[in-house]
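Hi there,

Here is the structure I promised to pass on.

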Amino acid sequence: MPSRQPTYSPHSSKAPVIRNPRACTVCRAAKMKCVGAEDGQKPCQRCKRTNVECIFEKHRRGRKPGSKLSEASKMLRRLEKGLNTAKLKQANETSISSVFPAVDSQSSQVETQFGTMIRPMDQYSTSASGNRPSDGDEEEDRSDEKFPAKLIRRENSFFRTILNPEPKSPYPMAPQTTRCDLDSLQLVRPAPLPAGFQDPITAGLISEDKAKMLFDAIFLRLNPFINLFDPQLHSVNYVRSKCPLLFTTLIAAGCKFFEPSLYKECLHLAHELAVRAFAEGWKRVEVVQAFACLTYWKEQDDNRTWMYIGYACRMAVEIGLNRFLAKSPTNESEFQLLERRNRERTYLVLFVHDRSLSMQTGRHWMLPEDDFIRHADTWHERGGTPIRCEDVIVAAFIQLRRIAAETTDMLHTNRSLVDGGSGQINIDMALKNANAKLSQWTTKWEHEMRRANGESFHFSFLNFFCLYSSLFLNSFGVQADAAPASSLLAVIVVFHLRALSACFENALSVLQIASKDFRDLGVLRYGQETTSVMTAYSAIFLLKLLRSSDANPGLQSELPEGAAREIHATIIRTAEAYNEAAHLSPNSSFAAYHARFLWHLIHMHRSRPGAMKDRPHHENSLDLSIQSMVSLYLRLAIADSNC
């Protein structure tokens, strides 16, 4: 049946509708019909209703492959993108407005009450894009739109902006600050606290001058162990204006060591704010830092480290702290550089902590190796001069954790011996490569630390973590003692002895750095939980090695002469160092606990059946003084624990 073509006569009641095949940029973004601007000379109905400029742009459909938009079209796209972004953020406080709030006291009084004119999220919560600085991309990156959540979020943002535009904020926006004037931060006012909550200053526990003294002590003693903060940026006024949770958490950490009488009350305030932050979903870099700090110097019975670090890792990814910039943004001020480095440093430190927890617990890590991590080997150089020693440590530890993770994956994969022994040879090769990389790591980062004019503590700190990583990795060779086919026996013996020697030397060195270097510098009591875990593992490994040598004469012959005496003496000196640290910091329970733990290890090892009769007589006589010392310390430890 032939199709009938519509015909129009001059006597028809309705004139034909002539539709313009073009649409303005707003309607095209919303994927809606553009009505009212058929001639392209007047605004369409949607733009007129939302009071936005109606722009017609030639669409890109049908362009030749490889062709590009004109400079004018690119500029229009940037303007459109900036307009939509500004509308979405208009009702929220910017990071600068939180530092320089409005001066009007009456409006400020209303704004500080969460749940009234500003929602709880408005002060501390930012979107995933809100914390990401603009890099001046000429075209929007749509490479990740294959992920459903991101595609839906992008489309939803267009509909929310165009069909239901957000009302303009009645509060003035603070002007963008482009210069670094840290002295002006002295005029910064604190961020508003949630109703019913207090920080240590508003609670009357400390004064502002006392808070500044505590911050100085934190940067001098505590920050070198975590390398998370920059004293040039993180002043009392800056931190307090950004996030009450981070401010209270840092004050609590400082009070633990320098104002013990205020520690419990400040810690209680920090935990209350942490609960509020979690319940209301505060999202910003300072909240990530606060949850990480809650795990560094925690109480001995606090088992929330895994949960807090996991929460911090998720939030860090959500707010884009792992964004990699190949080069610094154009016209970036010194203050903006400090804040960008602060975001990047936070993610790097979290990555190190995440991998450390994985290595200690055997659980899988949360943060993968992305472009930012893979390019972090020169991160310490991208902050200007002079190079900070803390940034050198952060960049070095990233590479150290990558070596450990790569080797651990290989060892776990090839550890099975059911394949005729090939797994054992793979372990040998993996450890050879790992030890070679660790040697190169030591050479490189000691050189970088000398460039940064590092102190003796920084070199000992680098060496401490490298030795522990070597001990942990080589322990796979010592523990893989199941013998496969006899044809590979010679290979296994050589491999076993090489790993045994490395573990023995590394474990002793770890304990010696803790008992000598850290003790002489007076910093052992300020170390986070990770340092005590490393010394505990080293001590246990050495004593386990001695017990294995009692049942294996061949293994005993491979240990150096006097190995038992040296092991016992080193562990006892480490226990003494931690006991001394505990007396200097009464509120630091982990130091006293760790000292008792090390003494108990020695006591249990010496009191095991057959421990004395299996050793030569002259060795028993030389150890009598050590044995009496252990007994004395055990009595003191029991007395302290009963007080």
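**Where H13 meets H14**

From H13, the residues Thr 305, Trp 306, Ile 309, Ala 312, Cys 313, Ala 316 and Val 317 meet Tyr 347, Leu 350, His 353, Asp 354, Leu 357 and Thr 361 of H14. Sorted by class, this contact has 9 nonpolar, 3 polar and 1 charged residues. Please keep in mind that this is a predicted model.

The two helices, H13 at residues 305-318 and H14 at residues 334-361, pack at an angle of about 140°, and their axes are 10 Å apart. Their crossing is left-handed.

**A closer look at H13**

With 14 residues, H13 reaches 20 Å from its first C-alpha to its last, close to the 20 Å expected at 1.5 Å a residue. Its buried residues are Thr 305, Tyr 308, Ile 309, Gly 310, Ala 312, Cys 313, Met 315 and Ala 316. An α-helix has 3.6 residues a turn, so residues three or four places apart point the same way.

What covers the buried residues of H13? The cover includes helix H12 (285-296), H14 and helix H20 (529-551).

**H12 against H14**

H12 packs with H14 too, at an angle of about 35° and with the axes 10 Å apart. This crossing is left-handed. On the H12 side you will find Val 285, Glu 286, Val 288, Gln 289, Ala 292, Thr 295 and Tyr 296, which meet Asn 342, Arg 343, Thr 346, Val 349, Leu 350 and His 353 in H14. By class, 6 nonpolar, 5 polar and 2 charged residues make up the contact.

**The chain and its cores**

Stepping back, the chain has 25 helices and 0 strands. Of its 643 residues, 48% count as buried. Among contacts with a separation of 6 or more, 76% are between residues 24 or more positions apart.

Leu 350 turns up again in the largest nonpolar core, which has 144 residues: together with Leu 245, Ile 251, Phe 291, Phe 397 and Trp 441, Leu 350 touches the most other members. Helix H18 (residues 456-479) gives this core its largest share, 13 residues. Beyond its neighbours within four places in sequence, Ile 251 is in contact with Pro 200, Ile 206, Ala 211, Leu 214, Phe 215 and Cys 266. There is also a second, separate core of 11 residues, including Val 26, Cys 44, Cys 47 and Phe 56.

**Some backbone details**

Most residues other than glycine have a negative phi, and most peptide bonds are trans.

- Asn 331, in the loop between H13 and H14, has a positive phi near 60°. Asn 331 counts as exposed because its relative accessible area is 74%, over the 50% cut-off.
- Asn 453, in the loop between H17 and H18, has a positive phi of about 60°. Asn 453 is exposed as well, at 62% relative accessibility.
- Pro 386 sits in the loop between helix H15 (371-374) and helix H16 (389-414), and the peptide bond that joins Thr 385 to Pro 386 is cis, with omega near -5°.

Conventions:
Residues numbered from 1 in each chain as written. Predicted model: local features only at pLDDT ≥ 70, side-chain atom pairs only at ≥ 80, totals over all residues. Heavy atoms only, no water. Axes fitted to C-alpha atoms, helices over the stretch in contact; angles between N-to-C directions. Helix = DSSP H or I, 4+ residues; strand = E, 2+ residues; numbered from the N terminus. Left-handed = near helix turned anticlockwise from the far one by under 90°. Contact = heavy atoms within 4.5 Å. Nonpolar A, V, L, I, M, F, W, Y, C, P; charged D, E, K, R; others polar. Expected span 1.5 Å × (residues − 1). Buried < 20%, exposed > 50% of the residue type's maximum accessible area, 1.4 Å probe, protein only. Core = buried A, V, L, I, M, F, W, Y, C linked by side-chain atoms within 4.5 Å.
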